[in-house]
Amino acid sequence: MVSYAKWFPAALTTLVILASISCSSGKTGATADFTIAATPGTITLTRGSAPQQISVNAGSSNGFMGNVSVSVSGVPSGVTVSPATLTLTPGVAQNLSIAADSSAAAGNAVLTLNGSSGTLSHSSSVNVSITPPPADFTLAVAPSSLTVIAGAPGSSIAVTANPVSGFSGNVAVAISGLPAGVSASPVSLTLVPGVSQTVSLTATPTAPAQASTVTLTGTSGSLTHNATFALNLQGAAASLSDVTTYHYDRSRSGLNAAESVLTVANVNSSHFGKTGFYGTDGKVDAQPLYLANLTIGGRSHNVLYVGTEHGTLYAFDADDGTRLWQTSLLGAGETPSDDHGCSQISPEIGISATPVIDRGQGAHGTIFLVVTSKDANGGYHHRFHAVDLTTGADTRTPTEITATYPGTGQNSQGGNVIFDPSQYAERAALLLLNGTVYTGWTSHCDRGIYTGWIMGYDESTLQQTQLLNVTPNGSMGSIWMSGSGLAADSAGSIYALIANGTFDTALDANGFPSHGDYGNSMLRLSVVNGRLTVADYFTMYNTLSESSQDLDLGSGGPLLLPDQVSQGIAHHLIVGAGKDRNIYLADRDNLGKFNPASNPADNNIYQEIQGANLGDSFSSAAYFNGSLYLSADNDALKVYPLNNAKMSATPSSVSATIFPHPGPTPTISANGLQDGIVWALESSTSRQAVLHAYDATNLAHELYNSNQAANGRDNFGVGNKFITPMVINGKVYVGTPTGVAVFGLLTP
């Protein structure tokens with residue numbers, strides 16, 4: 001039997017579905033046959049809405065036992081049937097899913113189910129009505145992720161009600177899910193379809209840092225729709241009247257978000273330049289530190305603390321350069337250490353690492369630092385000092401740095417590795433965490449025998465309370481990070497990038513190196529049962545090859561990002577780069593460990609951007625307003641936006657300047673999220689140093705450099721390797737081989 005489909009007039013469409021059946025023998029004189037039925041027989045499809053289901057069944061007559069093949073005919077354009085065919089067993093129903101997309105014409109149609117089995121065929125039909133969707137709206141918010149800084153100017157979102165099927169009503173929007181201390185202005189909206197409105201979000205200075213999902217609920221009559229965005233609330237930067245540690249904070253963000261004096265408008269060679277130079281007795285390799293409103297000699301001063309490689313600590317009035325005090329921290333009859341005939345730290349070694357300040361420790365506050373020296377008999381010394389902020393005097397007898405650690409690695413005796421002061425320098429910035437000052441130790445000139453040491457000292461007693469060797473049964477694996485510092489998060493974990501050295505590719509049952517050797521790794525450390533231990537790590541699949549070629553990750557420093565939110569989940573991330581020219585973004589909750597089978601993609605890490613840097617990285621990154629800023633040796637300064645908790649694979653802008661060796665560690669000043677300025681140094685030791693300032697929104701827009709003014713007005717001498725500019729209170733402080741250059745707004 002054959003069925004013919006007839007089309008209704010105008011928008012009427014007819015679908016015919018035929019079913020056929022294969023026969024089997026029945027009773028003598030009666031032919032086995034089948035029937036086909038569809039339930040329901042009438043459906044309504046709304047364009048763009050969820051599909052409708054129909055149940056199709058084949059009935060048996062006179063003992064029919066065959067299979068029935070079913071196809072569908074008469075399907076109008078824009079209508080889909082899934083699956084396109086069925087094979088039915090008599091008495092067992094199957095479903096068809098039928099939907100109309102937005103292109104389907106409104107009207108009526110007949111779908112025909114064509115069933116066949118051998119020479120038998122039958123059909124059943126379903127009446128279909130296709131209707132447009134009801135008038136409705138969708139609610140959208142942009143951006144999908146927003147950062148708000150406590151106490152800073154507000155950040156805005158745009159909210160839009162988009163009409164569907166001629167919707168023309170107004171939409172009332174309410175906001176929910178704002179964390180404590182965050183307010184919205186306006187608190188509610190009335191939207192006209194297709195017209196965006198903005199909402200400004202601000203946080204009080206005391207609002208705690210956290211990640212939240214904020215919901216916008218739009219209502220019009222009986223219609224309700226939601227839109228959400230991720231809110232990343234950062235703690236107040238307004239408290240940054242002091243700079244007490246390297247790169248501003250323990251996360252090493254490189255961001256001063258409370259700078260209200262220097263702006264994109266006034267940082268140019270007409271209004272900004274070198275305003276002073278504070279001379280010292282040696283090279284300034286450590287980043288200067290700053291305290292506001294400290295009383296010294298009966299007067300209140302903003303104070304700049306500067307350590308030199310000659311072993312001298314200075315306190316300058318940060319505004320006019322007056323020397324408030326200076327003190328030599330060398331032992332009696334001692335000199336700064338010699339450089340062992342190499343240029344890593346040269347020509348002498350005294351104070352190399354950036355100190356750390358605790359304003360609440362001791363009678364007047366304390367600055368902690370390590371000083372290296374050499375005695376008259378040729379012996380080398382490293383001592384941990386605690387110095388009064390107002391007088392420059394040691395508050396306690398300095399502690400001589402000594403250590404032994406269980407292991408059979410280089411310079412071991414009797415089952416213990418021994419710390420030989422002649423083999424080491426303290427280059428990494430000090431970290432103060434929970435009353436303990438942590439130091440990381442690098443090789444003194446990469447000669448001789450050395451391993452990787454991290455030590456912690458009680459800030460009250462100056463006694464060693466924590467000790468870890470990260471290559472105790474091997475060699476090398478030092479901690480230097482080009483002068484960057486050990487980083488720490490709010491949970492009390494410590495992070496470090498380790499230089500090339502022994503790594504045990506044989507792993508224990510928990511995936512950790514079987515002999516405790518972590519050369520060329522990213523580490524997370526925790527204090528467990530009173531002891532500093534490795535809690536997690538990452539190293540690349542080809543770590544042994546990289547170490548053998550001196551392509552270590554530990555040439556760069558770590559940066560801990562503020563929580564990055566994706567799909568309502570806060571990710572805790574760390575970024576670092578070394579000499580292999582890759583950028584590594586790791587999950588601090590699961591760094592990734594070691595997987596040699598991940599060649600060549602390191603799929604055990606959260607994200608890796610291979611070949612991102614044109615040269616080795618002797619620097620660390622900075623973070624501002626959802627983006628990472630970083631550079632490398634003989635490379636441009638670049639900015640990488642973060643979206644949905646991942647780095648863009650390519651930079652959104654780059655500087656025109658290519659920075660010579662060693663490449664810059666950027667510093668960023670801003671007033672909340674406004675007037676972001678990226679500061680970077682050309683700091684080659686063989687030519688004139690140059691301070692650059694860039695618009696943080698576009699690194700192609702250089703605001704200023706110290707070569708622009710006529711007659712060398714802003715020149716400040718040759719560069720100083722690995723130095724980082726420090727920006728505070730309208731001034732930029734730059735360490736040099738002979739002191740600190742000071743930049744600020746020029747006097748009219």
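Residues are numbered from 1 along each chain as its sequence is written. In this predicted model, local features need pLDDT of at least 70 and side-chain atom pairs count only at pLDDT 80 or more, while totals for chains, interfaces and linings use all residues; side-chain values use heavy atoms, with hydrogens and water left out.

**Exercise 1.** State how many cavities of 30 Å³ or more the count gives, and describe the lining of the largest cavity.

*Solution.* Step 1: on a 1 Å grid over the protein atoms alone, a cavity is a set of points where a 1.4 Å probe fits but cannot get out, and lining residues have an atom within 4 Å of a point. A volume is the space filled by probe spheres set on the points, which are joined across faces, edges and corners.

Step 1: the count comes to four cavities of 30 Å³ or more. The largest cavity holds about 60 Å³.

Step 2: the residues lining the largest cavity include Gly557, Val575, Gly576, Ala577 and Leu630. Strand E47 (residues 573-577) provides the largest share, three residues; strands (E, at least two residues) are DSSP runs numbered from the N terminus.

Step 3: this lining has four nonpolar, six polar and no charged residues. Here Ala, Val, Leu, Ile, Met, Phe, Trp, Tyr, Cys and Pro count as nonpolar, Asp, Glu, Lys and Arg as charged, and the others, Gly among them, as polar.

**Exercise 2.** Identify the strand that gives the most to the lining of the second largest cavity.

*Solution.* Step 1: the second largest cavity has about 40 Å³ of space. Among its 13 lining residues, Ala689, Phe716, Gly719, Asn720 and Gly735 lie nearest its centre.

Step 1: strands E56 (674-682) and E60 (731-736) each supply at least two lining residues. E60 gives the most, with three residues.

**Exercise 3.** Characterise the second largest pocket by volume and lining.

*Solution.* Step 1: a pocket is an open set of points with protein on both sides within 12 Å along at least five of seven lines. The second largest pocket contains about 610 Å³.

Step 1: it is lined by 33 residues, and Ser145, Thr147, Asn625, Gly626 and Ser627 are the closest to its centre.

Step 2: strand E52 (635-643) is one of the elements giving two or more residues to this lining, and E52 has the largest share, four residues. By class, the lining divides into 13 nonpolar, 17 polar and three charged residues.

**Exercise 4.** Determine the strand order of the open sheet of four strands.

*Solution.* Step 1: two strands pair if DSSP finds at least two bridges between them. Two bridges join E40 to the antiparallel strand E41 (residues 494-497).

Step 1: the order is E40-E41-E42-E43, with antiparallel pairing. E40 (487-488) and E43 (531-538) are the edge strands, each pairing on one side only.
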